[in-house]
Amino acid sequence: MLPPAARLAARRLLGICSSSASEAAVSRLAPFPIAAASARGPVSSARPFSTALNYHIDSPENKPDMKWEFSEANMKKVKDILSHYPSNYKQSGIIPLLDLAQQQHGGWVPVAAMDAIAKIVEVAPIRVYEVATFYTMFNRTKVGKYHLLVCGTTPCMIRGSREIEDTLLEHLGVKRNEVTSDGLFSVGEMECMGCCVNAPMIAVADYSKGSEGYTYNYYEDLTPKRVIEIVEMLRRGETPPRGTQHPERKNSGPAGGNTTLHGEPKPPPCRDLDAC
Amino acid sequence: MAFLARALRQSNSRLSSRCPAVAASCRWISPTAAAGSPEAGAAVAPADPEMPPPREPVGGARVELPPNPEDALEVFVDGHTVRIPKGFTVLQACEVAGVDIPRFCYHSRLSIAGNCRMCLVEVEKSPKPVASCAMPALPGMKIKTNTPVAKKAREGVMEFLLMNHPLDCPICDQGGECDLQDQSMAFGADRGRFTEMKRSVVDKNLGPLVKTVMTRCIQCTRCVRFATEVAGVQDLGMLGRGSGEEIGTYVEKLMTSELSGNVIDICPVGALTSKPFAFKARNWELKGTETIDVTDAVGSNIRVDSRGPEVMRIVPRINEDINEEWISDKTRFCYDGLKRQRLNDPMIRGPDGRFKAVTWRDALTVVAEVLHQVKPEEITGVAGKLSDAESMMALKDFVNRMGSDKVLCEGNGPNPPADLRSNYLMNTGIAGLEKADVFLLVGTQPRVEAAMVNARIQKTVRATQAKVGYIGPPADFNYDHEHLGTGPQTLVEIAEGQHPFCSALQSAKNPVIIAGAGLFEREDQDALFSRIETIAKKFNVTRPDWNGLNVLLLHAAQAAALDLGLVANPAESIKSAKFLYLMGADDISLDKLPEDAFVVYQGHHGDKAVYRANVILPSSAFSEKEGTYENTEGCTQWTIPAVPTVGDARDDWKIIRALSEVAGAQLPYNSLSAVRDRISTVAPNLLHVDERELPTISSEVKPPAKQQMSSAPFKTVVENFYMTDAITRASKIMAQCSATLLKK
Amino acid sequence: MAAVVRGVLRGIKEKGLANFLREARDEGYLNCLLDGNLLQTKIHNIGATLVGVDKFGNKYYEKLHDTQYGRHRWVEYAEKGRYNASQVPPEWHGWLHHITDNTGDQLLAQKTARYLVEHKQNYSGEGEELIYHSKGHALNPGQRDWTRYQPWEPKKEQA
């Protein structure tokens with residue numbers, strides 16, 4: 001809350017303003033402190049920044065001196081990725097390689113993997129760390145086999161993404177960015193995925209089948225009830241239908257079928273190109 | 001107001017024209033007082049609107065236009081016409097026009113980042129203000145630096161920078177010399193509109209030298225660029241994104257660079273400050289003394305900041321030919337060694353083996369008595385690695401007067417190549433190394449022997465992909481190099497043209513060979529150097545227009561000692577000595593010294609050699625005396641006393657002069673200028689201060705060596721970069737550095 | 001004057017002569033004989049309200065209505081022989097000098113004295129040992145060492 005002195009000052013000033021007969025005095029005095037006092041309100045405890053740490057903390061499963069290398073199959077992909085870039089600009093391959101490493105390592109990149117990538121593209125490890133910390137899609141701590149990302153941007157938020165997230169967290173019994181005890185699920189937040197017309201939505205990154213069976217599906221038009229059903233289906237190993245979950249909608253079309261564009265659309269007013 | 005602006009402007013230009021060094025050190029923020037008001041603008045604008053008179057460049061800097069007029073272009077800065085070379089940025093054009101643009105991320109010696117946006121200026125026909133540091137100047141560009149648009153843009157940037165910057169200037173060590181503080185005086189608002197929580201960032205541990213307060217960081221990335229481009233260690237990076245962005249190493253890692261202290265200077269805010277200097281003093285209490293460094297043979301230009309009798313810190317001075325604006329960590333942080341283990345009283349070892357403090361009169365009488373009891377040829381004088389030319393001159397004169405010619409300087413080896421000056425100097429010059437395209441390092445590890453020379457090589461390698469070949473024991477380099485071999489055998493192979501590196505040397509336009517002064521200590525140094533000269537001749541290293549054959553010296557005293565002729569053979573001189581006069585010489589081997597020899601130690605630190613001494617005479621350290629030093633490229637420079645001497649200590653040459661009088665062989669000089677007159681008869685180049693006297697005779701006249709080359713591999717000369725002499729060995733900070741940073 | 005004599009007589013009657021004399025000495029009535037200032041204060045005190053007594057025993061009086069404005073607050077020092085203005089502690093200073101109407105006791109009740117040092121009177125002219133000397137002062141017994149370097153100690157290494 002506010003410091004006591006500021007609170008006192010605000011209250012005193014309110015008193016002055018209400019008792020003062022002069023309108024001018026009110027308008028002169030009022031805006032600054034009262035606005036400040038009311039605008040501040042309770043300071044939210046959540047850090048408004050990215051939730052991931054920008055530095056590494058050693059843990060048993062994530063240490064720089066661990067050995068990590070691409071699998072045999074992925075090594076071929078690495079060669080293929082690097083062949084897209086000139087040999088003196090190998091560092092351009094950092095992002096695809098990090099993505100590959102993330103798929104191989106069950107949804108997250110340990111420091112050892114970043115070091116391995118740095119060696120492959122022949123740059124200092126810090127250059128890879130910079131990239132990996134910049135992109136929020138690279139998880140640098142352990143995630144579940146199904147990483148559920150709830151969109152928190154304005155349209156989804158207006159359509160109830162907070163309830164969706166709360167439901168998910170409560171249902172799974174974890175906090176944000178935590179992994180459930182069976183290692184299956186983790187919940188994260190992300191920014192707009194361009195699915196606003198079907199808000200609210202979540203994206204599910206499925207790392208359960210390695211880099212071969214890796215999928216990244218959107219589930220849209222969610223309700224708290226439906227999201228629990230999706231989680232349970234995933235838990236049973238089923239694949240819920242991706243896209244909109246609204247029974248009457250098809251893709252991003254309106255519920256109950258089209259309301260416009262029933263006939264052949266009128267062509268745009270365009271000059272006859274063939275006549276030229 | 002108008003009058004004031006004009007007066008300020010004129011006084012600035014007068015100041016900068018008279019003494020550019022002074023003007024360069026004080027940054028001139030473009031006077032914003034003149035920005036808004038029309039009458040102030042009228043005062044700045046000259047009477048004739050057609051041809052405004054040209055203005056002095058910022059800091060009196062000289063701008064060299066290319067010889068071909070097509071490579072120059074003309075821009076207009078605030079209505080003034082400026083001619084600049086092609087490729088200059090808008091910011092540089094403004095500097096030429098005498099307008100200092102505020103900046104945080106731009107640094108003239110680093111690559112351009114363009115991320116602080118403080119340098120916004122208005123350019124005519126450009127819809128938005130442009131970041132001048134990253135915008136190349138185009139012909140006919142009309143740049144306006146003090147318009148309301150530019151001012152408002154900078155004020156906006158400043159407000160964003162201050163949004164997350166803590167208000168801890170009173171407890172910040174950068175306070176008083178902080179770019180953000182200075183520029184917020186010109187562009188900062190007097191109140192903030194930001195009512196949210198300020199960002200806070202976890203502090204990083206970068207080692208015992210650099211203190212981090214990362215919350216103060218404004219993400220200019222100067223330190224990241226410095227570490228990558230100048231120091232050559234890619235440890236620092238920019239992590240995260242948006243407001244969570246921070247500078248760090250990601251994994252726990254110390255900054256293991258010998259230049260890491262420079263990030264303290266380039267940091268525009270107080271995010272990176274000096275750990276040993278933390279909370280010791282405010283910078284406005286300090287007295288700056290412009291002097292030079294003696295911890296290695298480079299002679300980096302430094303400013304010793306002192307408060308009262310105490311050296312508080314050491315910072316670099318700009319000298320484009322020697323250290324640019326960087327100094328090594330040893331130079332910067334050795335100063336606490338000047339306060340520890342100091343000899344402050346003359347002392348005599350009694351019969352019980354204990355030292356007793358005595359008066360100068362008694363000490364000198366005892367020394368003079370012993371001096372007369374030994375035979376003249378048993379007298380030996382050894383100058384230490386930190387000795388200045390004056391005291392070496394006095395020591396040589398004194399020993400010679402006593403009838404002996406055994407006077408030497410440590411580190412110069414059994415048979416110093418003192419006959420030809422080009423045989424012991426860096427003939428290319430430190431700045432000249434930038435023109436080289438192939439380096440051959442023979443028995444030298446510049447990174448630990450002379451960090452500033454190494455920085456030059458690193459700069460060249462980075463800029464031009466110059467090739468570096470190295471012969472010597474396995475060593476750390478911070479640039480790409482080829483390890484060709486470990487001993488003289490490789491030299492033979494190269495001289496005979498059998499080595500693969502020969503092709504690189506053959507195709508090089510400006511090849512450079514750098515031989516380490518560690519080779520002087522080898523018995524077969526004549527043969528080695530003649531082999532190196534064969535290589536030089538074979539690959540056209542020495543030509544009339546290019547002398548690429550260099551020797552990299554190790555100690556500050558070495559070059560001057562060779563100039564003055566302190567060239568006795570140490571092993572023989574020590575073996576036969578009955579009276580040994582050590583003038584700050586701690587690293588000379590005293591194993592062969594006869595048991596009954598009488599040792600006088602004259603120096604400023606109780607280091608290795610005092611334990612063998614019979615008499616101790618305290619002298620002053622480099623920060624306390626005026627002395628002449630010659631660096632490895634042959635540039636003569638002076639130290640200037642910054643603090644008083646400690647206790648009863650005296651200048652080295654004065655002690656020897658006094659001793660000569662007591663001993664009845666009075667030296668004919670009573671003042672420093674008289675000693676320098678004497679030096680002028682031996683080595684006149686030592687009087688041409690701040691000049692490089694090039695060797696005149698080429699090495700062609702050298703007689704052929706008759707020695708046999710041994711096949712013993714080259715040795716590491718400097719084992720511990722942080723502790724090489726009496727001062728650095730006494731320093732706690734250096735001890736801490738060698739404990740944490742050299743740990744493998 | 002008659003009231004004074006009546007008061008004295010009543011005092012003797014109530015306390016006995018010996019007690020009365022001791023009290024008169026302790027309260028400084030005997031000093032009044034030599035010290036006109038104290039006598040005037042004592043006379044002034046008659047009919048005044050005692051506002052408070054500070055921790056040193058100084059008494060603070062106030063007399064409104066029939067005193068000249070500006071002379072209506074005064075202090076009777078606890079020490080009768082040697083008194084001076086620096087014996088007034090800071091909390092009473094403001095009241096005494098008409099800076100505030102809050103008495104010292106009120107101020108003490110309001111403020112937490114977390115980091116205040118104990119009030120000390122000024123001993124100037126009372127002997128060097130009583131006077132405060134700063135750390136660097138030559139007369140400070142625990143004088144600061146201005147040596148800024150650490151000399152080499154031969155004994156340490158010889159042993």
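Which residues touch the most other members of the largest nonpolar core? In this predicted model, in which local features need pLDDT of at least 70, side-chain atom pairs count only at pLDDT 80 or more, and totals for chains, interfaces and linings use all residues, they are Ile117(A), Ala93(B), Met392(B) and Ile513(B), in a core of 237 residues. A nonpolar core is here a set of buried Ala, Val, Leu, Ile, Met, Phe, Trp, Tyr and Cys residues joined through C-beta atoms within 7 Å, and a residue is buried if 20 or more other C-beta atoms lie within 10 Å of its own, exposed if 12 or fewer, and partly exposed in between, with C-beta atoms placed from the backbone. Residues are numbered from 1 along each chain as its sequence is written, and chains are lettered from A and ligands numbered from 1 in the order in which they are written.

Not counting residues up to four places away in sequence, Ile117(A) touches Ile94(A), Leu97(A), Leu98(A), Ala101(A) and Val128(A), a contact being a pair of residues whose C-beta atoms, placed from the backbone, lie within 7 Å.

In chain B, an open sheet is formed by 5 strands in the order 2-1-5-3-4, with mixed pairing, where two strands pair if DSSP finds at least two bridges between them. Strand 2 (80-85) and strand 4 (130-131) of chain B each have a single partner strand and stand at the edges, so one side of each is left without a neighbour in the sheet. Strand 1 (residues 72-77) of chain B runs antiparallel to strand 2 of chain B and is joined to it by 6 bridges, with Thr81(B) in strand 2 as the bridge partner of Phe76(B).

Helix 15 of chain B (residues 488-495) has Pro488(B), Thr490(B), Leu491(B), Ile494(B) and Ala495(B) buried. These residues lie on the same side of helix 15 of chain B because they cover an arc of only 155° around the axis, the arc being that of the directions from the helix axis to the C-beta atoms. Their cover includes strand 17 (438-442), strand 18 (467-471), strand 19 (482-485), helix 16 (501-507) and helix 17 (525-538) of chain B. Just after helix 15 of chain B, a positive phi of about 75° is found at Gly497(B).

Between chains B and C, 17 residues of chain B are in contact with 9 residues of chain C. The side of chain B that touches chain C comprises 6 nonpolar, 6 polar and 5 charged residues.

Chain C is assigned domain 1 (1-34) and domain 2 (35-145), and the C-alpha centres of these two domains of chain C lie 26 Å apart. Strand 1 (residues 49-53) and strand 2 (residues 59-62) of chain C pair in the antiparallel sense over 4 bridges, with Gly52(C) opposite Tyr60(C). In their hairpin, which has 5 residues between the strands, Gly57(C) takes a positive phi near 95°.

Terms used: Two residues are in contact if their C-beta atoms, placed from the backbone, lie within 7 Å. Ala, Val, Leu, Ile, Met, Phe, Trp, Tyr, Cys and Pro count as nonpolar, Asp, Glu, Lys and Arg as charged, and the others, Gly among them, as polar. Helices (H or I, at least four residues) and strands (E, at least two) are DSSP runs, numbered from the N terminus. Domain bounds come from an automatic or database domain assignment.
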